[in-house]
Amino acid sequence: MSGAFAAKAVARSFGAAIRSYDGAALLQAQVREELLSRLALLRQPPRAVLDLGAGTGLGASALKRAFPRATVTATDISASMLEQARRHSRFWRPIRCIEADARALPVESASIDLVFTNLMLQWIDPLDDALREIRRVLRPGGLLLASSFGPLTLQELRAAWGEADAGVHVNQFIDMHDFGSALQRAGFSEPVLDVDRHLRHYADAATLMREIKAIGAHNIHAERRRGLTGRAAFQRMNAAYESLREPRGLPATWQVVYAVAWAPEQLPGVEPPPGEFHIGLEQLRGTLKKR
């Protein structure tokens, strides 16, 4: 992979976090529930569902409960994560688990009604590679529900490291407008994007960095500094971060971009009309009620 995040590095990072992930991934669970609430946008119950970047399988399990008659497939680039996901599969509520890269899915074209992907797409660079595959596997009229971290995520930690040295210490993510443009390039119609901001507080910088590592999201950027960071640089970072301390602790922003997009009903190869747009979720729900 030639982008900022190498596929093997992503797989290793999340595979190393299998034991700590679910206990530490509180924000991921919150975002997952918000994304699941958007299942109400479906025009009819899906027959085939793909959880892309399924992790430990909690999302896939929820999707199977929501749509017990649907075939639910969980895919992840980490074999270790999928081992955890298989534990959520039951013979009366089976989930298929497939190890796969989101940019090369072993899934038949136009075979999926719903692609659900929670906080995974930020690890694909360029994003277009994954979106083209999602578009390929979706049936005409199929729905993509996605979430991704936005560029303001961990902005406080990034700024503090900026006071310490010139290295890349915090992963950098795509913004909503670039996400929307990538969806249109991939051939999606009616893309709708909105942004949420979660402000969490931590006892100190070390606590925050331990949580990041526990969910497998520590710095794997291609331009990161190799080897150990010196004590002096860490102390400079810590001092800069401490200057932001609030009564509840050190603030850390987690910005989440949500995307809803449909595979067009038109024939493949027909370009969608130009122009990106995004509206609020409540307005979207009101529009769908009229259909």
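Trainee: Hi! Quick one to start: does Leu154 count as buried or exposed?

Mentor: Leu154 counts as buried, with a relative accessibility of 7%. Keep in mind that we're looking at a predicted model.

Trainee: Noted. Where does Leu154 lie?

Mentor: Leu154 lies in the loop between S5 and helix H7, and H7 covers 155–164. Its backbone is worth a look too: Leu154 is not a glycine, yet it has a positive phi of about 60°.

Trainee: Which phi does Ala110 have?

Mentor: Ala110 has a positive phi of about 55°, although it isn't a glycine either. You'll find Ala110 in the loop between strand S3 (96–99) and S4. Ala110 counts as partly exposed, at 37% relative accessibility.

Trainee: Let's zoom out. How many helices and strands does the chain have?

Mentor: Eleven helices and seven strands. The chain has 291 residues, and buried ones make up 54% of them.

Trainee: And of the contacts between residues at least 6 apart in sequence, what share joins residues at least 24 apart?

Mentor: The share is 82%.

Trainee: OK, on to H6. How many of its residues are buried?

Mentor: Eight of the eleven, so H6 is mostly covered. The buried ones are Leu127, Asp128, Ala130, Leu131, Glu133, Ile134, Arg135 and Val137.

Trainee: What covers the buried residues of H6?

Mentor: The cover includes strand S1 (48–52), strand S4 (112–118), strand S5 (138–149) and H8.

Trainee: Tell me about the H8 part. At what angle do H6 and H8 pack?

Mentor: Helix H6 (residues 127–137) and helix H8 (residues 176–185) pack at about 45°, and their axes are 9 Å apart. That angle makes H6 oblique to H8. The crossing of H6 past H8 is right-handed.

Trainee: Which residues make that contact?

Mentor: From H6 you have Leu127, Asp128 and Leu131, and from H8 there are Phe179, Ala182, Leu183 and Arg185. By class, the contact of H6 with H8 has five nonpolar residues, no polar ones and two charged.

Trainee: How do H9 and H10 pack, at what angle and how far apart are the axes?

Mentor: Helix H9 (residues 205–214) meets helix H10 (residues 231–242) at an angle of about 105°, with the axes 10 Å apart. H9 and H10 are therefore roughly perpendicular to each other.

Trainee: Which residues are in contact there?

Mentor: Ala205, Leu208 and Met209 of H9 make the contact with Phe234, Met237, Asn238 and Tyr241 of H10. Sorted by class, the contact of H9 with H10 has six nonpolar residues, one polar and no charged.

Trainee: Changing topic to H5: which of its residues are buried?

Mentor: In helix H5 (residues 79–86), the buried residues are Met81, Leu82, Gln84 and Ala85. Seen down the axis of H5, these buried residues fall within an arc of 155°, so they line one face of the helix.

Trainee: Last one. Where is Asp194 found, and is it buried or exposed?

Mentor: Asp194 is found in strand S6 (residues 189–202). Asp194 is buried, with a relative accessible area of 16%, since the cut-off for buried is under 20%.

Trainee: What is Asp194 in contact with, leaving aside its neighbours within four places in sequence?

Mentor: With those neighbours left aside, Asp194 is in contact with Arg38, Met176, Val256, Val257 and Tyr258. As for Ser147, it is 47 residues from Asp194 in sequence, and the two are 9.7 Å apart in space, C-alpha to C-alpha.

Terms used:
Residues numbered from 1 in each chain as written. Predicted model: local features only at pLDDT ≥ 70, side-chain atom pairs only at ≥ 80, totals over all residues. Heavy atoms only, no water. Buried < 20%, exposed > 50% of the residue type's maximum accessible area, 1.4 Å probe, protein only. Helix = DSSP H or I, 4+ residues; strand = E, 2+ residues; numbered from the N terminus. Arc of directions from axis to C-beta. Axes fitted to C-alpha atoms, helices over the stretch in contact; angles between N-to-C directions. Parallel < 35°, antiparallel > 145°, perpendicular 65-115°, else oblique. Left-handed = near helix turned anticlockwise from the far one by under 90°. Contact = heavy atoms within 4.5 Å. Nonpolar A, V, L, I, M, F, W, Y, C, P; charged D, E, K, R; others polar.
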